[in-house]
Amino acid sequence: MYFYRSHVLVCGGTGCHSSGSADIIEQFNAELKKQGIEKEILVVQTGCFGLCEVGPIVIVYPEGAFYSRVTTDDVVEIVSEHLVKGRTVKHLLYHDSITEEHDIKSLDEVPFYQKQKRLALRNCGVINPEDIDEYIAFNGYKALGKALTEMTPGEVISTIKESGLRGRGGAGFSVGLKWEFTSKAEGQKKFVACNADEGDPGAFMDRSILEGAPHAVIEAMTIAGYAVGADQGYIYVRAEYPIAVQRLTMAIGQAREYGLLGNNILETGFDFDLELRLGAGAFVCGEETALLASIEGYRGEPRPRPPFPAVKGLFEKPTLLNNVETYANIPQIILKGSGWLQEIGTDKSKGTKVFALGGKINNTGLVEVPMGTTLREIIYDIGGGIPKGKAFKAAQTGGPSGGCIPVEHLDTPIDYDSLAAIGSMMGSGGLIVMDEDNCMVDIARFFLEFTVEESCGKCPPCRIGTKRMLELLNKITEGKGEEGDIEKLEELGEGIKIASLCGLGQTAPNPVLSTIKYFREEYEEHIRDKKCRAGVCDALLQYTIIEDKCKGCSLCTRVCPVDAISGQKKQPYNIDQSICIKCGACLEKCPFGAIVKG
Amino acid sequence: MKTLKELEEIRQRTLEAINLRKDRNGIRVVVGMATCGIAAGARNVLTGLIDQIRDRRIQHITVAQTGCIGVCRYEPMVEVYYPGEEKVTYVNMTPEKVERVVTEHLVNGSPVTEYTIGAAEKIH
């Protein structure tokens, strides 16, 4: 590799990619050539920087200048000003990345990054994920070398066990114990598998790790293979993640070329290889037994446990299954020792957790924080608070399996146990913020609609129970709710939790039960007063024209798609409620504020 | 197939090249690239500098440009900042002079006094 005086890092994560980062890279290369400085400057495509809200992101080193929402036109200016003349283009810099004196802050001083601790994401946005050498440069594959040459499989397992690492996929089971069970299970042939079937709406941490540092997962799975005695691994990844699939394929090829996968790895006599399996997008395939069935080529349906996969998994053989983020932590634990992880996090939850921040939040994106960070810190300090100064109502963690956390729990330190105690769960790490404009009944309905759609149908409690719950919720949001509906929902929910076969059904009622627990009055308003305080449930809304304010300009009649508004010019108009579809177009159009919703 | 030793070599080699994304504490070399500098030939000085650093595989170093340093008659100018030390300012630089600065100052740590602004001022 060459010495380049400047490196231009362009985010190539899915978020920035879809807002045009590939064009930006092309434009940079073209402009550099035009200026004749292409041999001095290196343009690198990296993984996700996390701050997807202001993408596409470009960072120029050595200055560390953080350019946000970069367009191809901006590239021309950045090249001619910054890269040719050495003057950072101040007006294109991300506003939080400069001091009051207009100096560039280092990345960890930017508010968004200040409280973060990037372990699983440490290479995302730093290295070129398509270049194995860059991964190796920051100690990549060093842990594999250490495990293979200096440690016995037993020592690897006890290091992971002592570190206190818990599974990042949702349930939070001890990773070391899982490895130990698989290692102790009887059988010559064993497998290692990676769950990259990230299905929660709004969650994208696993995708970002695979896109930003695919080698971390490959290295960890090889270490796991050594620890449990497996020579073959499978990564089950969603086909909807084309960039992740492409980079994984490339990374596996490079690792094979370097002999870091295949036979006699690092001349130690250890053999291990990896294959990809693409999932077709069924949510239930994130459940471990369904996932393994799908790898085998069967329909993705769960089966009762025990036997657990550690005893009888893939092709009836003992199988170790962990998720992407869990694996991404492994190499550093091996390198730095179990004590290193123990010092991060809370008593029973060690290390960090990656959250995908979404919903009503200023800094939509990916954040990684030590366990024990409070929701308030994540939402306000890192996430930059709620847009338009609206009031926080609830945060939803754990996706369709999790629950809503109300304002009184904003200061709860987040870890596996504290979230479970307040009726939610860590889940894989989706974190959706809701403000006063969100209707909690509607939110519960949305998640349930998702689980009804995704239920595999094998067991009746999940297949029929969630459907009945959804019918009740539809009834309530349509203004046809009756006394007793809330109690029916609670009874059904509790039953489904106990009786369902797999995690999907066992957690599906959580969004409903937790919103009933914390926002029961909103349910009651929908049922008794036929009122939706957030103004979301269409059936409970009415658009009306205030006669005194209406000037009779007729603008509203022209935007109404169903001709529900009538009247004489210069006279107050009137909305026919029997025709109105409550689209809200008239309200937006009215220049006099004469139309109200309520 | 790679051995552990080869892996370590790749690590060292690549780290040299990409360390500037993390390292903020190395030697900083700044070339004056305002109109005056460019007109006096600063571009060749800059590329010469980069070539030298590449060839000698010097680590923990960043090369940046700056605007007009203020004494345009001495352009092209190059400033060298060692962490925690006074900066050294070289004047009337050429690609040939850069070679000496790289070997003596950036590699061996002793400034080439005769090229510095102090020496130039004495002559005048």
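Lys570(A) is exposed, with a relative accessible area of 73% (exposed means over 50% relative accessible area, buried under 20% and partly exposed in between, using a 1.4 Å probe and protein chains only). This is a predicted model, where local features need pLDDT of at least 70, side-chain atom pairs count only at pLDDT 80 or more, and totals for chains, interfaces and linings use all residues. Residues are numbered from 1 along each chain as its sequence is written, chains are lettered from A and ligands numbered from 1 in the order in which they are written, and side-chain values use heavy atoms, with hydrogens and water left out.

**Around Lys570(A)**

- Look for Lys570(A) in the loop between strand 16 and strand 17 of chain A (strands are DSSP runs of E, at least two residues, and helices are runs of H or I, at least four, all numbered from the N terminus).
- Lys570(A) has a positive phi of about 65°, although it is not a glycine.
- Lys569(A) sits in the loop between strand 16 (565-566) and strand 17 (574-575) of chain A, and Lys569(A) is exposed, at a relative accessible area of 58%.
- Setting aside neighbours within four places in sequence, Lys569(A) is in contact with Gly552(A), Cys553(A) and Ser554(A) (contact means heavy atoms within 4.5 Å).
- From the C-alpha of Lys569(A) to that of Ala137(A) is 74 Å, with the two residues 432 apart along the chain.

- Lys582(A) is another residue other than glycine with a positive phi, near 60°, and you'll find Lys582(A) in the loop between strand 17 and helix 23 (585-589) of chain A.
- The Gly55(A) to Pro56(A) peptide bond is cis, with omega near -5°; Pro56(A) is in the loop between strand 2 and strand 3 (58-61) of chain A.
- Tyr61(A) and Pro62(A) are also joined by a cis peptide bond, omega about 10°, and Pro62(A) lies in the loop between strand 3 and strand 4 (65-67) of chain A.

**Helix 12 of chain A**

- Helix 12 (residues 288-296) has eight of its nine residues buried, so it is largely enclosed by the rest of the structure.
- Among those buried residues are Glu288(A), Leu291(A), Leu292(A) and Ile295(A).
- The buried residues pack against helix 8 (175-184), strand 5 (191-196), strand 6 (232-238), strand 8 (270-279) and strand 9 (319-323) of chain A.
- Just after helix 12, Gly297(A) takes a positive phi of about 100°.

**Where chain A meets chain B**

- On the A side 46 residues are in contact with 30 residues of chain B.
- About 3400 Å² is buried between the two chains, and carbon and sulfur atoms give 62% of that (buried area is the accessible area, with a 1.4 Å probe, that two parts lose on being put together, summed over both).
- Phe3(A), Arg5(A) and Phe138(A) supply 21% of the area that chain A buries against chain B, more than any other three residues.
- The rule finds two salt bridges across this interface (a side-chain nitrogen of Lys or Arg within 4 Å of a carboxyl oxygen of Asp or Glu).
- Glu40(A) forms a salt bridge with Arg43(B), with the closest N and O atoms 2.3 Å apart.
- Elements giving two or more residues to the A side include strand 1 (6-11), helix 3 (72-85) and helix 6 (142-150) of chain A.
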